[in-house]
Amino acid sequence: MKTYSEYLAGIFPGMKVQKISVNAGMSCPNRDGTIGTGGCSYCRVDSFTPSYCMEEPGVVAQIERGKAFFARKYPEMRYLAYFQSFTNTHGRSLAALEALYHEALACRDVVGLIVGTRPDTLPDDVVGLLSRLAADVPVFVEIGAESTFDETLRRVNRGHTWAQTADAVTRCAAAGLHCGLHLIAGLPGEDDAMVMENVRRACRLPIETLKLHQLQIIEGTPLHRAWLAGTADVEPYTLERYTALCRAILRIIPEDVVVERWLAQSPPQMVAAPKWGIKNYQFNNILK
Ligand code: SF4
């Protein structure tokens, strides 16, 4: 199986590329009332937004700050503008989204776009916009599926179904976008067999990348409160059990799907469980 770096090298031959996370001040339909207000039960947005884009108001300023961080060491580096926080195809007009993406792509040395979003916020006009951009630069769409079981999705208050994910991936891939799915291992009520089935179903779709990570119980979330009350129906993975699961997953993943990451790394002070204290690259070494 290719590594994520090898995958990027195939798309950007001869270039060294680095993602820069951008917080465009977007909202989330599961928080702003479009489909719900409470959010997913495990979600705390400041646990997955890098500190360098928490306070910066402008997209360009965030990209320039990110570039300055990396360019000191690697002046030849090229960049992917990574619209990561919240739902980056939601809550703005098509014209406003187009202006936003163009703003990022106009930054010097930015050679591609990554848009993190939900499966239920990729209507045809947005997919069409991303497809037009993809005529000039590679465009990656990262879709949060989290589970393929509708009962789990309901329990964690995702507000969408697996059928919506399958439909969004199919339309995005047909529009020439590089598609990746995000899954979480250990959601309420899911055992290892269900996680394996999530991976199998995801890999039957036209995806190129998969991000899988262990469920983290983040302090202050509804899941954390349920966990403290003993009603969460989760058993946080030990590092040993999760390693064994990932090894089993490696055996069923098709050759043409790249696992971009295996680990979530929220700030340790926010994580109630599991507390492993290792980084993604260290876990990759354990898996070898
Ligand atoms: S995980 Fe994503 S979709 Fe769910 S509440 Fe958080 S930002 Fe919204």
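**Close-up views of a predicted model**

**View 1. Helices α2 and α3.** V59, V60 and I63 in α2 meet L100, E103 and A104 in α3, where two residues are in contact if their C-beta atoms, placed from the backbone, lie within 7 Å. By class, this contact of α2 with α3 has five nonpolar, no polar and one charged residues; Ala, Val, Leu, Ile, Met, Phe, Trp, Tyr, Cys and Pro count as nonpolar, Asp, Glu, Lys and Arg as charged, and the others, Gly among them, as polar. The model is predicted, and local features need pLDDT of at least 70, side-chain atom pairs count only at pLDDT 80 or more, while totals for chains, interfaces and linings use all residues. Residues are numbered from 1 along each chain as its sequence is written. Helices (H or I, at least four residues) and strands (E, at least two) are DSSP runs, numbered from the N terminus. Helix α2 (residues 59–71) and helix α3 (residues 94–105) pack at an angle of about 30°, with their axes 9 Å apart; axes are lines fitted to C-alpha atoms, for helices over the stretch in contact, and angles run from 0 to 180 degrees between N-to-C directions. The two helices, α2 and α3, are therefore roughly parallel to each other, given that angles under 35 degrees count as roughly parallel, over 145 as roughly antiparallel, 65 to 115 as roughly perpendicular and the rest as oblique. The crossing of α2 and α3 is right-handed, a crossing being left-handed if the near helix is turned anticlockwise from the far one by less than a right angle, and right-handed if clockwise.

**View 2. Helices α3 and α4.** Packing of α3 with helix α4 (residues 124–133) is at an angle of about 30°, with the axes 11 Å apart, and α3 and α4 are therefore roughly parallel to each other. In a right-handed crossing, α3 passes α4. From α3, L94, L97, E98 and Y101 make the contact, together with D125, V126, L129 and L133 of α4; the residues of this contact of α3 with α4 divide into six nonpolar, no polar and two charged.

**View 3. Helices α7 and α9.** Helix α7 (residues 192–203) packs with helix α9 (residues 239–252) at an angle of about 35°, their axes lying 10 Å apart, and the crossing in which α7 passes α9 is right-handed. On the α7 side, D192, V195, M196, V199 and R200 meet L245, A248, I249 and I252 in α9, a contact of α7 with α9 that has seven nonpolar, no polar and two charged residues.

**View 4. The open sheet.** Seven strands form an open sheet in the order β1-β2-β3-β4-β5-β6-β8, with parallel pairing; two strands pair if DSSP finds at least two bridges between them. At the edges stand β1 (17–22) and β8 (258–261), each with a single partner strand, so one side of each is left without a neighbour in the sheet. Strand β6 (residues 209–214) pairs with β8 in the parallel sense over three bridges, and the bridge partner of L210 in β8 is V259.

View 5. The residues around the ligand are C28, N30, R31, G39, C40, C43, V45, F86, T87, R118 and G144, a residue being near a molecule or strand if its C-beta atom, placed from the backbone, lies within 6 Å of it. By class, the shell around the ligand has five nonpolar, four polar and two charged residues.
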